[in-house]
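Q: Here is a structure that is new to me. Can we go through it in short questions and answers?

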Amino acid sequence: MASTSASLSSPAAAVAGRRRYREFFEREGIFSWLMVTPPLLFLAALVGYPFCYGIYLSLQERPVAQAGTFVGLDNFVTLAGDPVFWRVAANTMIYTVVATVLKAVGGLGLALVMNQVFPLKNLVRAALLLPFIVPTVLSTIAWMWILDPSFSVVNWTMINVFGADKPGPAWLGNPTLAMISVIIINTWRGLPFYAITLLAGLQTIPAELHEAATIDGASTWNRFRYITLPLLKPVIFIVTMFSVIFTFSDFQLIYVLTRGGPANATHLFATYAFDIAMLGGQFGLGAAVALAILPPLALILVALAIYMRRVG
Amino acid sequence: MSVIKTSPNVPSRRDLFRLAAAAGVGGLGLPRGAAAAGVTLTFMHESSFIKAYDTYMQKTLVPAYEKESGNKLRYELLSVGSLQTRVTTAAETGQGPDITLNFFNWPYLYNEKYIDVSDIAEEAGRLNGGWTDSVKEAVVVDGKWKAVPFGNVGQLMVWRTDMFKAAGINAFPDTWEELYAAGVKLKVKGTPLGFELGHGFGDNHGWLYPLLWSYGAAEVLPDGKTIVLDSSETAAAVDYCRRLFKDTMNEEVLGWTDPNNNKSFLSEQISCTNNAASILWFAKNDFPDMAKMIAHAQNPAGPKGRFHILAPWSHSIFTHSKNQAAAKDFLRWLMNPKQLRGWLASADTYYAPFLKAFDTDPMWNIDPRYMPYRDSLATAHLPGWPAPVSRETSQSVAKYVVVDMFAKACAGASTREVIANAVAQLKQIYGQS
Amino acid sequence: MVEGRGFLRPLLRLWLPLAFYVVFTLFPFYWMAVTSLKPNRELYNPRNMPLIVHHPTLKHYVDLLQETSFLQWTWNTMLVAVVSTVISLVFGVMLAYPLARMRFAGATLIAFTVAATYLVPQPLLFIPMADIINWLNLGDTLTSVMLTYPTLLVPFCAWLLMGYFKTVPRDLEDAARIDGATRIQTMVKVILPLCGPGLISAGIFAFTLAQNEFLYALIFLTDTSVRTVPVGAIAELIRGDVFYWGQLMAAALLGSVPVAVIYSFFVEHYVAGLTAGAVKG
């Protein structure tokens with residue numbers, strides 16, 4: 001196609017020009033940067049300023065609605081000596097690790113179940129997405145009833161069927177049960193998204209691979225272990241990492257349900273930062289708490305980056 | 001003409017008009033409202049749990065004000081817990097509503113972003129028998145009124161007369177010890193007490209600070225510096241609280257936030273709680289039979305007296321408002337008994353006014369059961385009292401220092417340990433660690 | 001023996017786990033439905049078996065629709081969610097395609113930076129964000145949240161799509177390039193159709209998060225006519241320490257079930273899209 005047009009002189013020049021022009025834009029480096037620049041500018045404009053502002057705040061003694069004074073790392077030093085801060089850090093770790101593991105394992109299980117053939121499949125698939133769809137503030141309010149000892153089905157059954165003593169377990173009053181409860185709610189809410197994402201991943205695995213393995217006599221477990229899991233790995237990895245980030249900075253669920261109680265047993269970084277900055281009017285210290293999530297999350301991101309480079 | 005056409009930056013005639021209005025209605029001696037005609041004021045409020053109260057503003061006061069002043073008034077309603085976020089954003093960015101509602105010590109927190117409204121507050125006081133002294137803790141900052149007080153959302157004892165009677169108690173206990181004795185009997189009957197010990201906004205502070213004070217204890221001295229929480233009085237209060245929790249309540253109260261005790265009381269799970277008048281109000285609408293058996297009482301007394309929490313609602317004007325003069329006129333208009341009485345009455349006196357002239361107002365006759373809310377004002381103080389309002393007292397509330405001290409004791413920690421923890425937190429907050 | 005296996009295997013592999021998941025995920029919705037149908041008198045009565053409605057009433061639904069602007073909020077929510085989802089998907093593809101398929105200077109750094117967006121803590125970010133919105137004069141407009149939500153959505157969409165793009169065999173792309181397709185054409189006509197499931201799951205993620213978002217909506221949307229469902233419902237159905245439980249649950253159901261129905265079509269589509277892709281490949 002290119003060689004035939006070369007015989008005519010002036011159009012040929014134009015074509016050559018266009019081709020050079022095109023080749024320039026088709027170069028990987030140029031094309032890539034043209035693509036990524038607009039979204040990057042968008043993110044930089046809307047997130048860059050707030051991010052710098054947050055760091056700037058954390059280095060100040062800064063009461064709300066007043067001018068601040070620069071105090072260097074004082075706020076972080078204060079936090080290091082704050083027992084509640086360490087409690088909050090421990091809570092956040094437990095909450096994130098346990099909920100993420102439950103969501104990942106449970107989500108994979110749900111994806112495997114939904115990947116099978118059964119009647120009303122689409123309806124069930126959509127219905128199982130509901131916890132993820134319903135606005136968190138409203139679903140958390142429903143959980144408030146479900147966990148109320150006077151109304152909880154578990155307590156009702158224990159008391160009325162098995163004759164246990166009233167009022168039964170205090171799901172949000174006992175510090176340990178409260179943590180377990182919020183983890184279960186977080187799992188309930190996040191599980192469907194894992195499932196739908198992993199289901200999408202499962203469906204990109206060519207059926208021939210499984211068929212071939214079956215012919216070779218591989219067991220179900222072996223097919224899962226050696227075909228499904230490795231091919232799903234990139235998707236599992238990405239979803240898990242982001243799930244960790246979102247769980248780490250969870251706010252709405254705790255804020256509606258316990259606001260950190262009983263006695264800080266469910267306080268997380270985000271709710272603690274919010275209380276200090278909003279209720280207490282200490283922006284600098286609040287920003288410092290909020291930024292304390294940076295090092296652990298940065299570690300996760302570094303792991304991600306290394307992983308992606310190895311895979312990519 | 002041509003200048004205006006070519007340059008969009010030249011203020012329009014309406015803007016100029018607004019500027020003129022803002023520059024000083026009073027100064028020019030113009031009749032109120034006339035000069036400010038055409039401005040729009042935004043008045044930000046938390047949605048009251050009494051719908052009729054918001055409706056009264058929307059359907060009666062707003063049209064009346066708009067007609068009298070020629071201004072527009074936007075009554076912006078926010079959900080519970082959202083107001084402070086919005087006030088903070090407005091104060092920080094210098095944009096948003098002209099007038100806002102405040103709770104607790106906000107006039108102090110946002111002091112620099114609120115204009116001085118001493119003239120309005122003092123005039124209202126002069127015309128209405130003066131202000132209850134306690135409210136000044138919350139609204140007067142450095143000698144200036146930064147907000148005009150509106151009413152107190154008292155936290156009092158709400159109890160079921162029939163359940164108490166069934167346990168052989170005919171009047172509400174006068175002291176904490178008597179309440180304990182009553183509570184033991186009530187719990188045996190399957191109708192325990194239920195006081196919030198979790199991280200709510202108000203129902204926890206509402207009884208735990210008064211409990212602390214009534215045993216003669218405090219976090220900090222009136223000098224605002226000396227931490228005195230580590231005392232035998234505090235220990236006595238903590239020991240009492242642990243007993244009260246163990247023998248008269250169920251474990252769930254440790255995880256409660258503000259709606260839980262309402263739900264528990266209305267579903268007849270508990271015989272007594274510490275709350276605002278919202279329970280009785282709701283029962284009157286939805287459970288009229290139960291409502292007949294609900295009564296209010298002041299907090300019990302301790303060895304060192306009887307105390308209550310001060311939970312004032314007040315109104316402030318932002319310094320960023322372009323219509324400060326009109327906003328002040330509006331507040332002055334609102335504080336006129338003609339308007340104020342109607343608004344207070346629409347809420348069944350849920351908001352107890354701080355103006356003494358209203359103590360004898362006929363609105364209290366609607367239901368005398370609300371009277372304790374009026375009578376408790378004299379012994380009401382802000383969290384952190386007797387220290388003056390400060391950033392430190394705000395931090396202590398935000399970190400639930402006092403609430404968690406009690407809660408941890410109830411969950412099993414030793415008195416010595418929980419006090420030591422609380423003192424360590426206070427030292428850190430006050431920069432003494 | 002064979003029959004036994006044929007009965008037991010689907011029971012263990014499908015029906016038992018499915019039943020568990022259905023109960024676990026849908027029980028709270030059953031609860032919401034029951035709560036929304038109970039009159040207050042019954043709702044507050046703990047002596048009843050909590051899972052049964054004795055005197056069902058539609059009062060909470062009627063109140064919700066008549067006394068609040070629920071339909072307006074739903075419309076606002078859908079509009080905002082659709083627009084921010086589209087923006088996020090477009091930006092997500094623009095980031096993900098080069099990052100997954102090309103070698104160019106700074107790729108790793110960009111991928112890292114994009115994800116680092118999430119390090120900015122939202123509970124504090126809203127104040128400077130409000131500054132930006134005020135500066136653009138967008139307060140109280142739906143545009144304000146259409147613009148800010150993608151900051152929460154783009155990074156995840158980009159990363160998720162990167163994962164899917166990598167699963168497409170490189171030969172397909174090379175074939176298209178040899179046929180003379182430009183990079184854009186290759187991306188739009190070859191890669192994107194093959195990544196339908198990925199696009200849909202990123203879209204579902206973005207849409208859901210957008211309709212769920214609370215903090216920005218609370219700060220930027222103050223007029224009841226521009227509120228979204230979560231903010232509007234909380235503002236008008238929680239009054240003081242009194243919750244209008246029945247109406248709140250009605251709002252939760254009315255706000256989520258239609259979306260689930262719409263998703264069910266998408267779920268079907270992406271299965272279909274995938275088979276088509278497989279045939280082409």
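Q: What radius of gyration does chain C have, and what would a compact globule of 281 residues have?
A: This is a predicted model. In it, chain C has a radius of gyration of 23 Å, while a compact globule of 281 residues would be near 19 Å. The C-alpha trace of chain C spans about 75 × 70 × 30 Å along its principal axes.

Q: What makes up the secondary structure of chain C?
A: Chain C has 13 helices and two strands. Buried residues account for 54% of its 281 residues.

Q: Which residues touch the most other members of the largest nonpolar core?
A: They are Val289(A), Phe406(B), Leu161(C) and Leu248(C). The core holds 324 residues. Helix 7 of chain C, residues 142-167, gives the most to this core, with 17 residues.

Q: What does Leu161(C) touch, not counting residues up to four places away in sequence?
A: Its contacts are Gly92(C), Val93(C), Ala96(C), Cys195(C), Gly198(C) and Ala202(C). A contact here requires C-beta atoms within 7 Å.

Q: Why is Ala357(B) called partly exposed?
A: Ala357(B) has 14 other C-beta atoms within 10 Å. Buried needs 20 or more, and exposed means 12 or fewer. The value of 14 falls in between, so Ala357(B) is partly exposed.

Q: Where does Ala357(B) lie, and what does Ala357(B) touch?
A: Ala357(B) is in the loop between strand 12 and helix 18 (371-375) of chain B. Ala357(B) touches Asn128(B) and Gly129(B), leaving aside residues up to four places away in sequence. The C-alpha atoms of Ala357(B) and Gly125(B) are separated by 9.0 Å, though these residues are 232 residues apart along the chain.

Q: What makes strand 2 and strand 12 of chain B stand at the edges?
A: Start with the sheet: an open one of six strands in chain B, in the order 2-1-3-11-6-12, with mixed pairing. Strand 2 (72-78) and strand 12 (352-353) each have a single partner strand, so one side of each is left without a neighbour in the sheet.

Q: How do you know that strand 6 and strand 11 of chain B pair?
A: At least two bridges are needed for a pair. Strand 6 (residues 148-152) and strand 11 (residues 312-317) have four, so they pair, in the antiparallel sense. Within this pair, Gly151(B) stands opposite Trp313(B).

Q: What makes strand 7 of chain B mostly covered?
A: Strand 7 runs over residues 156-160, and five of its five residues are buried. Each of them therefore has 20 or more other C-beta atoms within 10 Å.

Q: Which strands pair with strand 7 of chain B, and how do you know?
A: Strand 8 (residues 272-275) joins strand 7 over four bridges, antiparallel. In that pair, Val158(B) has Thr273(B) as its bridge partner. Strand 9 (residues 294-297) also joins strand 7 by four bridges and runs antiparallel to it. There, Met157(B) is the bridge partner of Ala297(B).

Q: How many residues does chain A give to its contact with chain C?
A: Chain A gives 86 residues and chain C gives 85 residues. On the chain A side, helix 2 (residues 28-58) supplies the largest share, 19 residues. By class, that side has 66 nonpolar, 16 polar and four charged residues.

Q: Which element of chain A gives the most to the side that touches chain B?
A: The contact takes 34 residues from chain A and 39 residues from chain B. Helix 13 of chain A gives the most to the chain A side, with four residues. That side has 16 nonpolar, 13 polar and five charged residues.

Q: What does the domain assignment of chain A give?
A: It gives domain 1 (1-58) and domain 2 (73-311). Their centres, taken over C-alpha atoms, are 39 Å apart. Their contact takes four residues from domain 1 and seven residues from domain 2. The domain 1 side has two nonpolar, two polar and no charged residues.

Conventions. Residues are numbered from 1 along each chain as its sequence is written. Chains are lettered from A and ligands numbered from 1 in the order in which they are written. This is a predicted model: local features need pLDDT of at least 70, side-chain atom pairs count only at pLDDT 80 or more; totals for chains, interfaces and linings use all residues. Two residues are in contact if their C-beta atoms, placed from the backbone, lie within 7 Å. Ala, Val, Leu, Ile, Met, Phe, Trp, Tyr, Cys and Pro count as nonpolar, Asp, Glu, Lys and Arg as charged, and the others, Gly among them, as polar. Domain bounds come from an automatic or database domain assignment. A nonpolar core is a set of buried Ala, Val, Leu, Ile, Met, Phe, Trp, Tyr and Cys residues joined through C-beta atoms within 7 Å. The radius of gyration is taken over C-alpha atoms; the globule rule is 2.2 Å times the number of residues to the power 0.38.
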